[in-house]
Amino acid sequence: MTSYQGIIRYLAIIILFLACAGIRNAVAQEYESTPVTVSKEKVRMNGIMYYSHIVLERQTLFSISKAYDVSIDDIYKANPSLKETGLKKNSIILIPAVDKNTVAPNTQNADVKEEEAVRKDTGSNMPEVRDSDRKKVKKQKEEEAEYRIHTVKWYEDLDVISEKYGVSVESIMRLNNLTGRKLTKKQKLKIPYSEIVASEPEKPEIKKDSIPVPVREEAGRQEATPAKLFPKNKVNVTLMLPLNASGTGGSSNNFDFYSGVLMAVNDMGNSGINIDLSVYDVAGGSLHVTEERLKASDLVIGPVSSGDISRLLEVAPSNTNIISPLDHRVEALVSGHENLTQVPASYATQYDDLISWISEDRKPEDRVITILEKGARETAEMKTLTERLGNSGLQHSSLSYSILEGRDILYSLEKMMNLNSTNRVLIASESEAFVNDVVRNLNLLIHKKYDIVLYAPSRIRSFETIEIDNFHKTRMHVSLSYHIDYNDAKVKDFLMKYRALFNTEPTPFAFQGYDVACYFIRKYHEYGKDWQKSIENMREHMLQSNFRFERKCNDGSSCGLINTAVKRIVYNPDYTITEIKTE
């Protein structure tokens, strides 16, 4: 730590001490916390009921604990990561649901406990325990002496459980009256202490006329999809990630992606899909996978980088389905490889959508202005953007200036605008300093009552030197590959499950792992080996990504699939972010 940093830290401690000791009332007058409304949403985890509370701006742990009548320690116990991350706007935290009428366990005598057990077992609301109920409880206790109870974990099946307890699958199925092998997480199973002779359970007869014919939706029409009548029950998946499990330098992003895949495998398994997942650590560029394994794989998810994908394509059989999950640059490899599917929408696809968005929004009287950085080295991405803009036929004016001219460019920019219509401005630069200067000038013109809407590449959202307020003031429009709507019910459900399982917050990589694994496992389950043909031009909304796969070959040769679906978001003046739903 430098001496300067030490001084800063020392001053911070003094300020904190003064705030606690002498000026608490003054601070309280300036800071008014947002009122807390008790949530109506509840969730049960590990037998405990919780409220699902969405944190609003300026809410505190103190105000939340008072509203729900629990202690701050109770909230920390339910949300261990809060001590490190603190409260975040729009995050979801768990609040223990306190029942005021609950009697403390040490005040209950044995008779009351037995009575409650009978009520729970029989569903009776009668205050007195009947003789028949007592007999039922007695019989239940006698039966329990012959078996133990096992709670099914998400990764367990009947074979794993039978091996664990040394009893046959048939005995477990017979004792639990199971007619199939499907289990659900947290399901209670009776496990016999000794073998039970069991006959094969009868399989219900299925009449052909009773099988529903699923339909496939595409471009406003529906057609029967016979492939879905006979889904593939088992899907062999190979996951290849640079985890660096044998070393200490593994990327946390890859482990987050892996965690998302595990969540997907769990959910797909609960829906009745039998999944065989094999995981390979390909850190350092070594694939470590045999040709036999690749041949046996229905789907190969990964590797991550375009270089590793290229090496895999050289050794993999031509019928091995390879899914590229993260690297935009892999799109260049799709041409000539029918077995390759590129998931992230490329920058070129994002730019095409951004230009189309301007054309859709533009009114005849609007002005469209493109701003470029003079003398800057043109990156491959920005070259693609300017080329796409030139080929689009969109009428626009261009302004090019260097960052050194930024203070003097305001007048030139104002001359290009119309005070009586909307001015739609596209920034064709990914230089943080230059983009920051453009946004500053646009805000000055907004202050002069010009109606301005900013359109920008997705990378602008990662620029730390630009205040987010400026995005909202310019009503910034962005086309991008990934966006998470935390108000979506499915996203909230994923958050709850992820926190309960991993005791931390999911990153975008975890969402991507979940989306990719869920989508492709389900499609292979539904369509089998013809899944690629079946999903072409079919749009689907996932938690973080939109999927719409097309075949685009530059040289007319055979090629794989690329994702052409993006997400559109708008930064509103009221400091909300809206996702624009597209068909």
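Let us begin with a pair of helices: H10 and H19 are roughly perpendicular to each other, because their angle falls between 65 and 115 degrees. Their axes cross at roughly 110 degrees and come within 11 Å. Please keep in mind that what you are looking at is a predicted model.

Two packed helices are described by the angle between their axes and the distance between the axes.

| Helix pair | Axes come within | Axes cross at roughly |
|---|---|---|
| H10 and H19 | 11 Å | 110 degrees |
| H10 and H20 | 7 Å | 40 degrees |
| H19 and H20 | 12 Å | 110 degrees |

To find these helices in your viewer, look for residues 252-270 for H10 and residues 508-527 for H20, and residues 489-502 for H19.

Which residues meet where H10 and H19 touch? From H10 come Asp256, Ser259, Met263 and Asp267, and from H19 come Phe494, Lys497, Tyr498, Leu501 and Phe502. Sorted by class, this contact holds five nonpolar residues, one polar residue and three charged residues.

Now turn to H10 and H20. On the H10 side, the contact is made by Asn253, Asp256, Phe257, Gly260, Val261, Met263, Ala264, Val265, Asp267 and Met268. On the H20 side, the partners are Phe509, Ala510, Gln512, Gly513, Tyr514, Ala517, Cys518, Ile521 and Arg522. The classes here are 12 nonpolar, four polar and three charged.

**A closer look at Ser259**

Is Ser259 buried or exposed? Its relative accessibility is 12%, and since buried means under 20%, Ser259 counts as buried. Leaving aside neighbours within four places in sequence, Ser259 is in contact with Tyr498 and Phe502. Here is something to check with the distance tool: Ser259 and Leu501 are 242 residues apart along the chain, and their C-alpha atoms are separated by 9.6 Å.

His483 sits in the loop between strand S17 (477-480) and H19. With a relative accessibility of 12%, under the 20% limit, His483 counts as buried. Not counting residues up to four places away in sequence, His483 touches Arg461, Leu543, Gln544, Lys567, Ile569, Ile577 and Glu579.

**Some backbone features in loops**

Most residues other than glycine have a negative phi, and most peptide bonds are trans. Where can you find other cases in this chain?

One is Asn503, whose phi is near 60 degrees, a positive value in a residue other than glycine. Asn503 has its place in the loop between H19 and H20. At 46% relative accessibility, Asn503 counts as partly exposed.

Asp69 also has a positive phi, about 60 degrees, although it is not a glycine. You will find Asp69 in the loop between helix H3 (61-68) and helix H4 (72-78). Asp69 counts as partly exposed, at 48% relative accessibility.

For the peptide bonds, look at the one from Gly302 to Pro303: it is cis, with omega near 0 degrees. Pro303 lies in the loop between strand S10 (299-301) and helix H12 (306-315).

**Stepping back to the whole chain**

Finally, zoom out. How many helices and strands are in the chain? There are 21 helices and 23 strands. The chain has 583 residues, and buried residues make up 42% of them. Among contacts between residues at least 6 apart in sequence, 63% join residues at least 24 apart. As for the surface, the chain exposes about 33000 Å², and carbon and sulfur atoms supply 50% of that area.

Notes
Residues numbered from 1 in each chain as written. Predicted model: local features only at pLDDT ≥ 70, side-chain atom pairs only at ≥ 80, totals over all residues. Heavy atoms only, no water. Axes fitted to C-alpha atoms, helices over the stretch in contact; angles between N-to-C directions. Helix = DSSP H or I, 4+ residues; strand = E, 2+ residues; numbered from the N terminus. Contact = heavy atoms within 4.5 Å. Nonpolar A, V, L, I, M, F, W, Y, C, P; charged D, E, K, R; others polar. Buried < 20%, exposed > 50% of the residue type's maximum accessible area, 1.4 Å probe, protein only. Areas by Shrake-Rupley, 256 points an atom, 1.4 Å probe, with all protein chains shown as cover. Parallel < 35°, antiparallel > 145°, perpendicular 65-115°, else oblique.
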